[in-house]
Structure formats: structure tokens, C-alpha cells
Amino acid sequence: MKKTKILSLLTMVTLLSAASCKSNDSSTSSSLTPSSSIPSSTQPSTSSEEKKSDDVAILYTNDVHCNIVSSGDSNIGYAQVAGKKKELLQKYNNVALVDAGDHLQGGTYGSITRGQAIVEIMNTAGYDVATIGNHEFDYGMDMFFQNAANAEYQYVSSNFMKGDENYFKPYYIKKFGEKKVAFVGVTTPDTYTSSTPAYFKKDGYSGYYYNFSEGVDREHPESFYAAVQDGIDLAKSQGKADYVILLAHLGTDNVNSPYQSTDLIANVSGVSAVLDGHSHTMIEKQIVKDKDQKDVVLSSTKTALNYVGFLTIDGKGNIDTKLLAPEDLTATDPETKDLIDTIKAQSNEYLSTVIGNTNKPLTINHYDGDTNTGVRRVRKGETNLGNLIADSYEDIIKTYADSHGFDKFFGVVNGGSVRKNVSGQITIGDIIDVSPFANKLCIYKTKGSVIKTMLEYSASKFTTGQAVDFSNKNDEFGGFLQPSSNLHFSINLNNDPALTKDEQGNYTGYDKSRSPRVQNIEINGSAIENDVDYYFASSNYTIDSGGDGYFMFKMKGKVPAGEENIEDVTPSELTDTIDNQVSIDFISKLCATPQGISTLPSRYDNYTGEGRITFINPSQGN
């Protein structure tokens, strides 16, 4: 085991834990054992005289999101992935392990080490190559570059650019006997808004310094396709590749168009297979026609190691893919398991600290009675957990308001930053899982007119003339804002968003000539006024960085006087305050009693929140 790196990771966990306090299942097997569920054609040899296959065997993962351990039937752990690779090496001469992005972020062990623990686990598990998912950038550009430098596997991306040049190599060649396989990386241009847009800018440079070859707009994706085609062509001309496999973090959802993996395949040639991520889709094997009407194999493994993909190239060049379920990966690599166990043990004492209790589940989902439907209500309606997190933001601004003599303030959190249900005992680890991105919490002052624009954009994704259906995923929007107790408003579903658009269809401002969708806005019990200053707390992701497309706080000098973000009044003592720590402190305060840890107030018992948001449905009229 790599003791030096493990110790450095654990030191960082300890320091982060101390800093937070200061600022107010893996398998039990300890050896590699063969899986009885592997098809007979891939069973490890039981005879030293049996010849290994020269077929190429590639294991692939995507959207692991820091789910590092197995939890039985529902998902696989990295120790089992590493075990499967070693198992295959007993049968095949040619084996690789690859990833299609979003591995560094999305869970506690990634968050508290800013991705470093995940890199070390992937190093130990034996990954060969990975592409960049949008969430690889969530700890900031410098941190991602540091993580990439520490990786013993190769990062590839044909379309992630520094200025006009590829930041990483567009492809990685792995030689399997006489065959050469190129892995070409592709990263979604939607990374700008699904990560933090400001990270990709640079002082003194117009536009995005780091870009994804996205072209002028979504109506003209030709430069994106061309960048990937260049990577494919280079892999063949320079790398002399016999086969090209795209490691793509693009997804297959319609919202990803024109950057879907299927869009890309239809606009390039020379690709043998695409291993995709981003949309968390389960695709065992799909045949898609490329630009020249040739067959391309498309596959994706869902998310969180629910499955691991297995691609083979036989001696005739035939490509096949299948998805391996948890029961297909029973072998455990002891070195990877030991590393994970060490990281967990050092982290869990801090993460398991109980800070409160709750009578009812705190949820991001919609409930039908007491039944969790699994639909993410927090992205299109109020929930009790959304209330709680927003209230923690409001609480921290209250101290600031009291000392500065104002009473018009509130807090908001985007629904995409509230990510996990909590029930029963509430631990520090639970709240880090709820808010895993470790965004900075800041206080802002702006005019009422700007807040109107912000809320109008928050409600812009609903379909006009249709009541919100909380039983399905339609209208989900990660940028939907959850309000604190001081903010109340209604959403009129009869009205289109009162927002102006540019020629590309992007929202640009508030349209005063139309009846607004968001109405009856009250802040601390009083109706909002356009020219009055208000203060609110939110994360730097949404406000400073324009996350989820929030455009109105980056418009200084481009809108009429009085409608811009007048002043950022973030006090210095909050500059490095992390959002999840604010929530941890708030819950601790609510539940602290002389007798010990108590239960959250009953105001958080209702799954659908306190009624801070009301909907005016089409049948109700205006």
C-alpha cells in the first residue's frame, strides 16, 4: 500500500475537520477470490497450462460520484472493481480499466479531501485512463489540475481547451499485443453551468479562457463535433490506432442536445464504441449509426457503481458490451480495500458526530402520504429539507443584519445543491452529503428589481398552462430556489416567464411589459419594492459564478441603473465560510439543550415545507 499518500490524505481530513469545528460497504473478504457468476468464457484459469485469451477485455465505469464502497445488492465498490480487473488478468492477456467522468465529487469522502482520496483509490484500483466529467471541476480549477497531476491514470479530453490548445492529450493509446486501442476523451460543453462558470474564466481574457469547443451557441455545434473528430483522426494518424473508443461524458437526455452522445456519433466517423456518462443512464448495448452510416456500440453503466461495464474485442474485431451487476463482482482486491478502510476509519469519527434529530424524514423527494416517490421535488417545489438549509443561510445573515441595522433579508439555496434525504439522527456526515459541493456562503445586497428577476428565472422551467406534476421528473430544474422563512411568493402557471431573450434564446433580463410568473413576493412580511435594497445569503456558485444560468448578477453596466447587482457586501469573516458548515452549525444550535441533543422544531415535519411557495394553477386563473 502507498503509505505516504494515504497519510497525506488523512492529514488533510484531520485539518478540514479541525477547520470546520473552529468556524463556529465494502466486502469483508481480505483476499482475491474468483466470482462464481462470471460466464464460463471469462472464468479465471484453474490450470497453469491453459493459455490466456488474446481478446481485449475492458472494464468501464461512469458517474461513480464518490460511492467508493459496496452496499450489497444495490452497488459495487472500488475494491470489487479492482478485484474484477485482477480476475480478468488471470484469463486475458489484454485488460484495461477506464472511467467516463464524474468520479471526484458527489459524496463525503470526495468532499472532505477535495477529490484527493478518490484519485488515490483509483490509482490503487488500477485505472488506466479517464475522461473529465463536469463535476471534476467542482473544487476549483487549481484543485482539479492538482488532482490530475496526482493521478497515475491518464486524463484525456479532445475538446477541453486552454485558449486554443488542448489542455490534456485528446487520446491515450494502449497496446494490446498487436492491437492498438485509442481512448479519446469528450467532455460536455454543459460543464459551464453544471459546474461553476467563473472557474473557466481568466482575468484579462475576453470570454472563457478554458472552453469545451462548444461553438457560438447550441444551434451551431459544428466546432464541438470537429474537435472530437480531430481527436479521433489524431489517434489514428499519430497513434496508429486500430480501434477508437470514446470515453464520453455527454449523456443521452434531450436536455443535453446537441451535445448528446447520440448526436456526436451521428456527426463523426472512425469510432468503434462510445462509453458514455453524465445522464446516469443504463445502456447495456445500443447500436447507433455514425456519419458514414457505420455501426457504433454505445454503452453506459448508470451511476454510483450500480453496474460495471465489460467490453470485449475478439480476434475478428467484433465488439460486444455487457453490464455486470454486484453479484458478478464478488472478488475483492485487498490493497484497494485496505486503503478505503483506512480512509473511512479516519474520517468516520468526525462524520458520525450527531448534531440533532428529526421526527419526520428531511427530504429532497416528493411524498405520497408517507411513501417516498423518488421524484426530486426540491428541484421544482418546496420541501422541509430545502426549508431547513435555506433557513440556515438566513440565520447567518441575521447576525449581520442586527449589527448593520436592517431587517429586509432572506436566504435561498438552489435545489440542485440539496442532494440527500436525512432521517432519524442527523450527523455531520449527513449534512455534508446533503451539501457536498463545499460552496462558499456569501451575503449580497441588491435591489428588489433584481430579486424579482432572480425568482422569475428560478420558476422559468415550468410548462405554461400546466399544473406542476410532482409525480414525475418533468420540470425538474437544479436552479430552482428554495426560500428561507423570510421569503414568500406565488408562481402563476398561467403566465410565461416575464423574461427577455437574446437571438440565441438565452434569458437576458426582466420583461416589465408582461404579467410576471412570480407574484405576491414578500420579504419579512412586506411586499417587495423595486428600488429598495435587500440583503440575502446564498452560495458563490449561484450568485458570483452564475451557476445554473443565473445571469442577473453579472450584468453590471449592461442594464439600466437600479437593476444591476449594486454591491457585493460579503463581510471578510464569511469569505471562507462553507455552506455545509453553516447548516451544521444551525442544526446544532436548534437541537442543543442542557439535557443533550434534541429534535428539530415541528415546523420541519411537513414533507412539502411551510407553504413559503404557493402555486396558482391554470384552473385558478390570474
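Guide: Here, helices (H or I, at least four residues) and strands (E, at least two) are DSSP runs, numbered from the N terminus. The model is predicted, so to speak of local features takes pLDDT of at least 70 and side-chain atom pairs 80 or more, while totals for chains, interfaces and linings use all residues. Residues count from 1 along each chain, and side-chain values use heavy atoms, without hydrogens and water.

Visitor: Let's start with Phe144. Is Phe144 buried or exposed?

Guide: Phe144 sits in helix H5, residues 141–150. Its relative accessibility is 0%. The cut-offs are under 20% relative accessible area for buried, over 50% for exposed and partly exposed in between, with a 1.4 Å probe and protein chains only. So Phe144 counts as buried.

Visitor: Leaving aside its neighbours within four places in sequence, which residues is Phe144 in contact with?

Guide: Contact means heavy atoms within 4.5 Å. With the neighbours within four places in sequence set aside, Phe144 touches Leu104, Ile132, Glu136, Phe137, Tyr155 and Phe168.

Visitor: How far apart in space are Phe144 and Gln116?

Guide: In sequence, these two are 28 residues apart. From C-alpha to C-alpha, the gap between Phe144 and Gln116 is 9.3 Å.

Visitor: Gln116 belongs to H4, then. Which residues of H5 do Gln116, Val119 and Asn123 in H4 meet?

Guide: Helix H4 (residues 116–125) packs against H5 at about 20°, axes 9 Å apart, where axes are lines fitted to C-alpha atoms (for helices over the stretch in contact) and angles run from 0 to 180 degrees between N-to-C directions. That makes H4 roughly parallel to H5; under 35 degrees is roughly parallel, over 145 roughly antiparallel, 65 to 115 roughly perpendicular and the rest oblique. Facing Gln116, Val119 and Asn123 of H4 are H5's Met143, Gln146, Asn147 and Asn150.

Visitor: And H2 with H9: which residues of H9 make the contact?

Guide: The axes of helix H2 (residues 78–89) and helix H9 (residues 334–351) come within 8 Å and cross at roughly 170°. That makes H2 roughly antiparallel to H9. From H2 come Tyr78, Ala79 and Ala82, and from H9 come Thr336, Lys337 and Ile340.

Visitor: At roughly what angle do the axes of H10 and H13 cross?

Guide: Helix H10 spans residues 384–404 and helix H13 spans 579–591, and their axes come within 9 Å. The two helices are therefore roughly perpendicular. Among the residues that meet are Leu388 and Tyr393 in H10, and Phe586 and Leu590 in H13. The crossing angle is roughly 90°.

Visitor: Which residue takes a positive phi in the hairpin of E24 and E25?

Guide: E24 (residues 499–501) and E25 (residues 507–510) pair in the antiparallel sense over 3 bridges, with Leu499 partnered by Tyr510. There are 5 residues between the strands, and the positive phi, near 85°, belongs to Gly505.

Definitions and conventions
Pairing = 2+ DSSP bridges.
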